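Student: I have a structure to look at and would like to know what the terms used for it rest on. Could we go through it together?

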Amino acid sequence: MKKLILIGLVVVSLALLFTGCFKPDCPEPDSSKITASSGTPGTGGMMIGGAAGAVEPGATVTVTDGDGHIATTTADGNGSFTLTELDLPEDFDHTIGNNLSVTQKSEGCNESPAVTVPISP
């Protein structure tokens with residue numbers, strides 16, 4: 001009886017896997033292509049950006065500061081993205097040297113593991 005239950009669980013698990021119920025994690029964003037600048041009033045404030053290939057084209061990019069404030073955007077067709085001061089929550093951390101967490105999520109995969117991006121001047 002135990003063998004029959006175990007075989008049934010394996011069959012159901014495989015069926016769910018092959019029907020797409022278990023999606024893999026998206027790949028990590030390429031942190032070497034992502035920058036976060038604290039900015040100044042003269043430059044319009046904080047800028048967070050990813051160069052081409054930083055994330056998957058069309059991915060939803062989520063940036064989280066150390067206090068849990070979140071900003072999201074959608075990458076363009078070449079995997080680049082930009083968040084400006086106007087896109088960020090009011091209390092978003094601009095402190096130079098602090099770190100931001102960046103993830104991506106696109107169709108067919110779960111949210112990626114986070115990468116760390118330091119805030120620079």
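**Pro89 and its surroundings**

Tutor: Setting aside neighbours within four places in sequence, Pro89 is in contact with His69, Ile70 and Ala71. The model is predicted, so local features need pLDDT of at least 70 and side-chain atom pairs pLDDT 80 or more, while totals for chains, interfaces and linings use all residues. Residues are numbered from 1 along each chain as its sequence is written, and side-chain values use heavy atoms, without hydrogens and water.

Student: What makes His69, Ile70 and Ala71 contacts of Pro89?

Tutor: Contact means heavy atoms within 4.5 Å, and Pro89 meets that with His69, Ile70 and Ala71. Pro89 and His69 are 20 residues apart in sequence and 6.7 Å apart in space, from C-alpha to C-alpha.

Student: Why is Pro89 called partly exposed?

Tutor: Buried means under 20% relative accessible area, exposed over 50%, and partly exposed in between (1.4 Å probe, protein chains only). Pro89 has 25% relative accessibility, so Pro89 counts as partly exposed.

Student: Where is Pro89 found?

Tutor: Pro89 is in the loop between β5 (81–84) and β6 (99–105). Strands are DSSP runs of E with at least two residues, and helices are runs of H or I with at least four, numbered from the N terminus. The protein has one helix and seven strands.

Student: How do you know that β3 and β4 pair?

Tutor: Two strands pair if DSSP finds at least two bridges between them. Five bridges join β3 (residues 60–64) to β4, and the two run antiparallel. Thr64 stands opposite Ile70 in β4.
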